[in-house]
Protein chains: 2
Amino acid sequence: MARQSGLVAAFGAIVGAGHVLTAPSDMAGYLSEPRDLYRGEALGIVRPASTQEVAAVVRLCNESRTPIVPQGGNTGLVGGQIPDRSGGAIVLSLQRMRALREIDLASNTMTVEAGMILAHAQAEAGRAGRLFPLSLASEGSCTIGGNLATNAGGTGVIAYGNARDLALGIEAVLADGRIFCGLSKLKKDNTGYDLKDLFIGSEGTLGVITAATLKLFPKPRAVETAFIGLPSPAAAVALLDLAREKAGGEITAFELIPRIGLDFVLAHVKGARNPLAARHEWHVLLELSSQNAEGLGPRLLDMLNAAAESGLVEDAAIAASEAQRAAFWRLREHLSEAQRFEGGSIKHDVSVAITDAPAFLEDVQNVLKEAAPGARLVAFGHLGDGNIHCNVSQPVGADRAAFLARWDAINEAVHAIVIRYGGSISAEHGIGQLKRDLLPQVKDKVAMDLMRALKRTLDPQGILNPGKVL
Amino acid sequence: MARQSGLVAAFGAIVGAGHVLTAPSDMAGYLSEPRDLYRGEALGIVRPASTQEVAAVVRLCNESRTPIVPQGGNTGLVGGQIPDRSGGAIVLSLQRMRALREIDLASNTMTVEAGMILAHAQAEAGRAGRLFPLSLASEGSCTIGGNLATNAGGTGVIAYGNARDLALGIEAVLADGRIFCGLSKLKKDNTGYDLKDLFIGSEGTLGVITAATLKLFPKPRAVETAFIGLPSPAAAVALLDLAREKAGGEITAFELIPRIGLDFVLAHVKGARNPLAARHEWHVLLELSSQNAEGLGPRLLDMLNAAAESGLVEDAAIAASEAQRAAFWRLREHLSEAQRFEGGSIKHDVSVAITDAPAFLEDVQNVLKEAAPGARLVAFGHLGDGNIHCNVSQPVGADRAAFLARWDAINEAVHAIVIRYGGSISAEHGIGQLKRDLLPQVKDKVAMDLMRALKRTLDPQGILNPGKVL
């Protein structure tokens with residue numbers, strides 16, 4: 001206890017006593033996460049206001065062998081941002097570091113601190129007449145630092161890449177408290193190893209990202225959004241191919257929605273309505289964006305007509321207003337939430353090569369018939385990136401707890417199929433605690449060895465987010 | 001000698017005796033490079049035919065502490081592919097590994113071996129109706145493995161990124177001979193650290209890349225190319241901004257050409273002619289590509305008219321045929337070669353933030369006036385990426401050798417300006433031998449320490465391309 005209170009005082013001397021939270025009620029919001037799958041304990045929540053303060057805190061942790069759990073908006077879905085129950089770690093909250101350091105229109109870059117909320121970064125770009133295209137469900141509370149630490153994905157990846165692709169440079173604090181100054185506006189810089197990408201996606205286990213220089217894009221002049229009914233995932237993949245051929249880089253969303261998912265949303269989300277007259281087995285939310293204000297609408301129409309003629313598309317609605325566009329997107333965005341009303345749901349954030357997606361989905365459906373009779377597969381998401389959220393809702397009327405108790409078994413069955421297709425068991429959410437023990441079973445052994453060697457090299461005392469990823 | 005001939009025999013047992021070259025005349029082509037800045041000696045040239053053979057060769061080198069210099073097409077510009085003069089190393093030529101392992105149209109990927117020549121990769125993609133957009137001067141002889149090892153750039157980076165951005169996955173042999181199986185068609189895979197990007201751009205010092213899964217793109221339906229006369233680099237940057245605003249992702253080339261560079265080409269390259277009636281201080285080669293066959297030409301014309309009205313553009317020619325387009329490109333492509341006719345030339349492959357490019361060029365011009373009176377700055381290249389090749393031709397009539405003897409001093413003067421702008425001293429060519437001693441002077445100290453730590457971790461015996469990068 002004396003050691004603990006000494007440490008708390010030392011952290012307070014760095015960040016200000018008021019920015020070290022130790023009262024259980026003050027800490028509660030940092031020690032569990034929205035889905036309440038993980039709860040932890042901590043010595044305290046330390047809230048630095050600058051990179052120098054982060055460095056001093058990390059240095060002190062390194063000297064005192066105090067584990068650090070970096071945390072942004074606490075929206076992660078795999079428990080990466082929550083400490084274990086030992087109570088020996090600190091949560092290092094980056095939330096006070098939310099400054100816009102610079103926006104450079106000619107270079108199309110924006111340098112922000114790690115704690116800036118994603119929606120604020122989008123808004124700052126928008127105010128400057130630019131687009132910052134990272135977009136995901138939790139954008140109102142997740143932070144840029146967390147987005148980069150987890151290499152976040154979302155709906156814009158098909159056109160703009162994931163978080164990694166949107167960062168030109170980063171600043172990070174290493175395990176010994178040194179500051180890696182890797183902020184850069186340069187698109188081309190071949191002076192040595194790619195250090196930036198080692199920290200991005202490492203979930204805070206190799207360093208603490210404190211700031212980043214992000215790419216900006218021109219705001220699209222024209223956006224066209226279609227809600228499309230199709231017979232099958234194979235038709236959706238063929239439509240994607242056609243869309244690529246006809247519209248190339250203009251495709252800014254290609255989201256798959258199954259009939260059952262739409263039914264759940266229509267049943268449980270107030271104001272939701274089907275844009276199409278009939279029911280279809282599958283749907284695609286397709287969005288095209290262009291700098292060229294003219295011709296995008298007719299081109300989308302032509303594409304859909306061509307797809308209809310070859311039997312790929314059964315019906316389609318094109319948004320005639322911004323309100324209609326928003327209504328289409330709400331159907332997509334509420335898919336996960338609507339499942340809550342249908343009882344327990346077992347999640348899979350997986351990806352396969354796009355070409356394999358139809359066969360993969362069929363195999364998953366078949367395996368579930370045996371492994372979980374009556375369970376309802378709600379397979380949706382970023383088909384344009386091969387990333388499908390295979391969420392499995394419990395059978396109608398089944399016992400929720402009994403169904404959820406089968407989480408590991410059902411994961412195992414689905415992941416076995418993913419592995420068979422050379423896919424990924426975590427396309428965009430990361431490993432965190434949730435998939436840590438699974439990782440060595442599915443990952444190339446040499447890759448695992450390399451990861452462990454990198455961890456030892458960059459964090460020899462193992463203070464950075466221990467128990468996560470590895 | 002006994003040890004050497006024993007090793008040669010052992011390599012021969014792995015790859016076949018005929019594929020270990022030891023006669024000086026057989027080795028010559030592997031031991032110097034086109035510009036003849038570097039010459040080396042070797043124990044032998046070892047030419048494996050498979051990843052397994054590479055692994056066995058590397059294992060043997062690791063056991064016998066024999067340095068390995070991996071080599072692709074031997075086109076590198078910084079000496080990374082040439083051994084030192086000790087004669088103790090082997091050159092590991094990947095040229096026999098040139099198979100197309102798979103092309104997957106639905107996933108838009110192509111898996112090729114490291115020794116495939118870039119132009120062949122482009123052609124394979126083209127035969128399948130796709131585009132592989134990496135394009136650089138040496139594409140007829142450089143290899144995919146070398147492109148990835150050096151993170152090659154070229155003229156398509158503005159639209160498609162550099163080599164790193166075009167690789168979804170790689171296969172590589174580690175220093176101890178283990179094979180890292182990181183081939184993947186997945187666009188999204190957040191299962192642990194980004195290992196691929198550690199090897200890409202490490203110039204063979206962390207592992208030997210043996211194969212890669214590359215991204216393919218649809219072939220553009222329409223391409224429009226303009227040769228534009230402008231008053232200044234500032235006008236070129238403003239034109240780029242305008243082009244981004246009007247044509248966003250359709251800009252597939254934005255190359256800067258100075259008056260003196262065009263004059264050199266017109267004087268020395270047979271058949272070259274100025275597409276514009278008058279002479280201009282600066283030029284831009286602008287190319288737009290689109291999946292939409294219609295409207296691109298008129299849109300380019302509108303953009304140029306708008307730019308002319310605001311004084312950014314003085315004159316412009318739009319290619320009316322494929323032959324004309326090729327003629328425009330020849331002017332750009334011969335800039336470097338044409339300089340040879342003007343005597344010695346001191347090269348700088350640098351980048352700065354695009355917004356800084358005009359002031360940077362002015363500063364370079366001013367510094368050269370003092371540091372090398374009469375020397376002629378030929379600043380050209382990928383302005384759309386902030387990457388400018390600041391080549392300095394000797395004063396008219398000056399002594400070539402005396403001028404070239406000032407290489408280091410003039411480099412130092414130019415690099416000092418690059419550093420002041422937070423730029424890169426190697427935008428696309430890498431570090432190799434040429435800039436190895438310079439690197440610690442310009443790079444963040446913590447970054448250097450990290451690089452050294454990674455090198456020790458991945459190649460503890462220091463057998464992989466020693467003396468390069470670090």
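A: UniProt positions are given here in the numbering used for this structure, with feature names shortened, and such annotations may be inferred rather than shown by experiment. With that caution, UniProt places the feature "domain: FAD-binding PCMH-type" (unreviewed entry) at residues 38-219 of chain A. Over residues 38-219 of chain A the chain is 23% helix and 24% strand, with the end C-alpha atoms 39 Å apart; helices (H or I, at least four residues) and strands (E, at least two) are DSSP runs numbered from the N terminus.

This is a predicted model, in which local features need pLDDT of at least 70 and side-chain atom pairs count only at pLDDT 80 or more, while totals for chains, interfaces and linings use all residues. Residues are numbered from 1 along each chain as its sequence is written, chains are lettered from A and ligands numbered from 1 in the order in which they are written, and side-chain values use heavy atoms, with hydrogens and water left out.

Turning to the interface, 83 residues from chain B and 83 residues from chain A take part in the contact, where contact means heavy atoms within 4.5 Å. Between them, chain B and chain A bury about 6,500 Å², 54% of it on carbon and sulfur atoms; buried area is the accessible area (1.4 Å probe) that two parts lose on being put together, summed over both. On the chain B side, Lys188(B), Asn190(B) and Tyr193(B) lose the most area to chain A, together 16% of what that side buries.

As for charged pairs, 12 salt bridges are counted between chain B and chain A, out of 54 in the structure over all chains, a salt bridge being a side-chain nitrogen of Lys or Arg within 4 Å of a carboxyl oxygen of Asp or Glu. Lys188(A) forms one with Glu428(B), the closest N and O atoms being 2.7 Å apart. Because Lys188(A) lies in the loop between strand 9 (179-182) and helix 8 (196-199) of chain A, and Glu428(B) in the loop between helix 16 (407-420) and helix 17 (439-442) of chain B, the pair joins two chains.

Across the interface of chain B and chain A there are also 42 residue pairs in polar contact (both at pLDDT 80 or more); a polar contact is a pair of N or O atoms within 3.5 Å, of which, within protein, one must be able to donate a hydrogen and the other to accept it, and residues adjacent in sequence count only if both atoms are side-chain atoms. Among the elements of chain B that each supply at least two residues to the side touching chain A are helix 9 (233-247) and helix 18 (445-458), and helix 18 of chain B gives the most, with 10 residues.

The domain assignment, automatic or from a database, gives chain A domain 1 (2-93), domain 2 (100-218), domain 3 (222-336) and domain 4 (343-428).
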